[in-house]
Amino acid sequence: MSVGEMAAALGISAEAAPDRVDRILTRAVTDSREAAPGALFVCVPGARVDGHDFAASAVERGARAVLASRPLPEVVALGAPVLVVPDTVRALGRLAAYWRDKTGAKVVCVTGTAGKTTLKETLAAILAEHGKTARTPLNHNNQIGMPCAVLDTDGDEDFWVMEAGISHEGDMDELAAILRPDLALILNVGPGHTEGLGGRGVAWHKARLLAHLSPGGTALVSADYADLVAEAEATGAKPVYFSATGVDVPYSARMGEGAGNFYLELAGEGLEAQTPFRGAFGAENAIAAAGAAHLLGLDAEEIRRGFAVATLPPQRCARKEFGPWRVIDDTYNANPLSMRRMLEAAAAEAGAASLPLVAVLGEMGELGADSARHHEDLGRLLGELGVAAVFWKGGHGGDVRVGLAATHPHAARGWTEVKGPEDFAAAWQACRDFPAGGVLLFKGSRANRLEELLAALEEKEREQGRVL
């Protein structure tokens, strides 16, 4: 879009730029270090830094215009037009919404409590077998990242696969109003970001996506969560349903023979596919991706090929081997639903191989008043699964131990709290009691940075020549 077109979309004039309104902008950035020719630099005020202070630097790096909430004479002096608005983040969303109206792509919005980034990446890989596809990078799914991803598209794509992540009331309405998806896909719901979502429940907030469907749009929703089904029906959207638990709906999945193999039912058409997923949570992701692709017009062979080339994002169920240990790196983030899914999948793998399961876990954040209860429930799950040893980092360790002791009478023997990488690397020596190795899962919320513990372990194992 041109500077003049953006200004018109925002209902403003470009400050000090009557001769620069024809400048073409191709993307939006909020980090001055990412500025380059063709970029619109968006000044976002934050708790620690204010983007307005870096606007001149962005222009010096090549940004051709700036979106700001106050005049910036130093930027104008450098020859760049400034679009002045009351709220830069809301204006960014308006520009993304305007650009969405100009595309002929089929727009997909993916949301859910656990696994939405993995689903988004997989669905994008499948759709790319049929036509040009754009997607949000990694988990850039909030009111800044998602509009920037929209404005980073070329506009001639066949498909957009965008992710919406919410943590506060009203977030979904803001994001969904930008995208107005042709296909709204809700993977699952469970406790996550409950501290900021108020008393209406996660399912209600996720289902708000369906209130913003484009005319003639389709909703694809999991039938495996009663509260989600009720909230989806209440929107009047008449969803199409998928299931990974045997519910009789148009799209369903069951596990096949071998890791990652699933039998998929696609509205009367059967498909056996090899996917990058594992376990019960893998069936949910597999049928959600396949169902969405099928609704968008792809045939079974295209879906099969897409699954074959799809790869999981970093720190999501990534797999390594340290000598006899099978390591699962799921360190990106955690909430009660995703924690349960990964522990159950890891326990099933360990059980199938008659190996012990060792869990390196971290506190689950943003759960508000329910935090203690959810951590106690996690402890009970660890006991029920017969986890051989637990390394814990962060708060609520006491709550986890209460739950663990309730189902595992000898919990104290396999419990170790660690504070950092060095601490963990030293404590890991206790696992030499498992000479045959086992399955080792790393998972916790972002604030715990469990990837640092994994890196410390990897370094120690590399010194001993045990990393494969």
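The dialogue below explains how to read several features of this predicted model.

User: Which conventions apply to the numbering and to the predicted model?

Analyst: Residues are numbered from 1 along each chain as its sequence is written, and side-chain values use heavy atoms, with hydrogens and water left out. In this predicted model, local features need pLDDT of at least 70 and side-chain atom pairs count only at pLDDT 80 or more, while totals for chains, interfaces and linings use all residues.

User: How are two packed helices described, and at what angle do helix H4 and helix H7 pack?

Analyst: Two packed helices are described by the angle between their axes and by the distance between the axes. Axes are lines fitted to C-alpha atoms, for helices over the stretch in contact, and angles run from 0 to 180 degrees between N-to-C directions. Helices (H or I, at least four residues) and strands (E, at least two) are DSSP runs, numbered from the N terminus. Here, helix H4 (residues 88-102) and helix H7 (residues 171-179) pack at an angle of about 30 degrees, and their axes are 7 Å apart.

User: Which residues of H4 and H7 make the contact?

Analyst: Contact means heavy atoms within 4.5 Å. H4 contributes Arg90, Gly93, Ala96, Ala97 and Arg100, and H7 contributes Glu174, Ile178 and Leu179. By class, this contact of H4 with H7 has four nonpolar, one polar and three charged residues. In this scheme Ala, Val, Leu, Ile, Met, Phe, Trp, Tyr, Cys and Pro count as nonpolar, Asp, Glu, Lys and Arg as charged, and the others, Gly among them, as polar.

User: How many salt bridges are there, and which residue pairs with Asp101?

Analyst: Side chains of opposite charge can pair when their charged atoms come close. A salt bridge is a side-chain nitrogen of Lys or Arg within 4 Å of a carboxyl oxygen of Asp or Glu; by this rule the count comes to 27. In one of them, Asp101 pairs with Arg180, the closest N and O atoms being 2.5 Å apart. Asp101 lies in helix H4 and Arg180 in the loop between H7 and strand S9 (183-186), so this pair ties together parts that are 79 residues apart in sequence. Buried means under 20% relative accessible area, exposed over 50%, and partly exposed in between (1.4 Å probe, protein chains only). Asp101 counts as exposed because its relative accessibility is 54%, whereas Arg180, at 23%, counts as partly exposed.

User: Are Lys443 and Asp330 buried or exposed?

Analyst: Both Lys443 and Asp330 are buried. Their side chains meet in a salt bridge (2.5 Å, N to O). Lys443 belongs to strand S20 (residues 438-443) and Asp330 to strand S16 (residues 325-330), so the pair ties together parts that are 113 residues apart in sequence.

User: What is the nearest side chain of opposite charge to Glu163?

Analyst: Lys and Arg count as positive and Asp and Glu as negative; His and the chain ends are not counted. Glu163, in strand S8 (residues 159-163), is buried yet has no salt bridge, and the nearest side chain of opposite charge, Lys120, is 4.1 Å away.

User: Which side chain makes a polar contact with Glu163?

Analyst: A polar contact is a pair of N or O atoms within 3.5 Å; within protein, one must be able to donate a hydrogen and the other to accept it, and residues adjacent in sequence count only if both atoms are side-chain atoms. The side chains of Glu163 and Thr117 are joined by such a contact of 2.8 Å. Thr117 lies in helix H5 (residues 116-127) and counts as buried because its relative accessibility is 7%.
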